Amino acid sequence: MLYPCEYLETKGFNVTYLPVDRYGLVDPSEVEAAIRKDTIFISVMYANNEIGTIEPIPEIGEIAKEHGIPFHTDAVQVIGKIPLDMKQKDRNVDMLSLSSHKFYGPKGIGALYLRERTEIENYMHGGGQERKKRAGTENVAGIVGLGKAIELATANLEKHNERTKKMRDRLLAGILEIPDCRLNGHPEKRLPDNLNFSFEYIEGESLLLMLDQRGICSSTGSACSSGSLEPSHVLRAIGLPPEIAQGSLRLTLGDENSEEDIDYVLEVLPETVGKLRAMSPFYKPTTACEK
Ligand SMILES: *Cc1c(COP(=O)(O)O)cnc(C)c1O
């Protein structure tokens with residue numbers, strides 16, 4: 001949402017950016033305090049793609065509703081992981097975006113949910129498809145694929161979460177045994193499949209490459225900014241100093257992972273962190289890991 005907001009600013013819109021706490025949580029009362037007479041739109045992501053923190057969307061939706069302001073949430077990370085209920089807890093969400101490939105659907109298709117009577121500009125002009133909102137022949141194969149994928153993801157949500165969480169928790173406990181590391185994001189209010197750590201005295205990109213050589217796929221910042229050497233703006237926003245943010249690693253689990261994968265990561269990761277630290281002239285083990 002940052003780039004679209006920056007674009008809107010070039011068109012003369014005023015945008016207020018809210019801070020987050022050290023877990024990455026937006027405070028609903030800060031949302032309320034930031035509302036002005038001319039506020040026309042509020043957007044808060046449902047769950048963060050880097051640190052996994054789940055935002056208080058129902059609470060923020062309540063505030064938006066009270067003030068009569070359309071409320072959008074980026075729910076790309078939550079489909080198949082957090083149950084949505086557009087009639088109950090999420091009833092004040094007016095617009096919700098999702099992307100098919102994040103829940104095992106085809107790439108190149110997503111959707112914008114619009115609650116009845118939510119007015120938006122047409123996104124593309126020309127043909128009358130999709131009630132003129134998005135002109136052009138529909139991507140039928142993509143749409144069908146998205147539909148099937150969301151059906152499967154929703155039907156298997158609880159089973160999927162239970163399995164993923166079990167692996168995630170074992171991975172978490174094992175990684176926190178490594179000295180001088182911390183978990184980023186909220187300890188409980190987080191996606192079932194996401195872990196994000198900072199390892200002090202380590203450069204995340206080197207860790208990522210060494211893990212890759214051993215067959216472990218991980219990420220430092222967000223996937224969209226891979227190749228950028230700047231520390232992630234998300235990690236900066238939760239208050240990590242640049243040198244700590246630089247030493248961050250994101251591990252996410254999916255259907256294809258197994259308990260053996262967890263064993264393997266718990267064998268390789270501590271060893272790799274140790275190797276990299278042995279190369280660092282600054283590393284002296286001091287603090288126990290912070291939970
Ligand atoms: C992946 C992702 C997007 C982008 O979706 P694409 O369809 O891959 O472009 C947007 N928001 C969040 C939170 C994401 O995780």
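I'll take the ligand site, then one serine, then the domains.

Some ground rules: this is a predicted model, where local features need pLDDT of at least 70, side-chain atom pairs count only at pLDDT 80 or more, and totals for chains, interfaces and linings use all residues. Residues are numbered from 1 along each chain as its sequence is written, and side-chain values use heavy atoms, with hydrogens and water left out.

Which residues are around the ligand? They are M45, N49, D74, V76, Q77, S99, H101 and K102; the cut-off is a heavy atom within 4 Å of the ligand. By class, that shell has two nonpolar, four polar and two charged residues. Here Met and Val count as nonpolar, Asp and Lys as charged.

Now the polar contacts, meaning pairs of N or O atoms within 3.5 Å. The side chain of D74 has an N or O atom 2.7 Å from a ligand nitrogen. For H101, a side-chain N or O atom sits 2.7 Å from a ligand oxygen. K102 places a polar side-chain atom 2.8 Å from an oxygen of the ligand. Alone, the ligand exposes 380 Å², and the protein buries 64% of that. Those areas are Shrake-Rupley, with a 1.4 Å probe.

Next, S97. It is found in strand 3, residues 95–99; strands are DSSP E runs of at least two residues. Is S97 buried or exposed? Buried, because its relative accessible area is 18%, and buried means under 20% with a 1.4 Å probe, protein chains only.

Last, the domains. Domain 1 covers 2–154 and domain 2 covers 157–278, with bounds from an automatic or database domain assignment. Their C-alpha centres lie 27 Å apart.

Key. A polar contact is a pair of N or O atoms within 3.5 Å; within protein, one must be able to donate a hydrogen and the other to accept it, and residues adjacent in sequence count only if both atoms are side-chain atoms. Helices (H or I, at least four residues) and strands (E, at least two) are DSSP runs, numbered from the N terminus. Buried means under 20% relative accessible area, exposed over 50%, partly exposed in between (1.4 Å probe, protein chains only).
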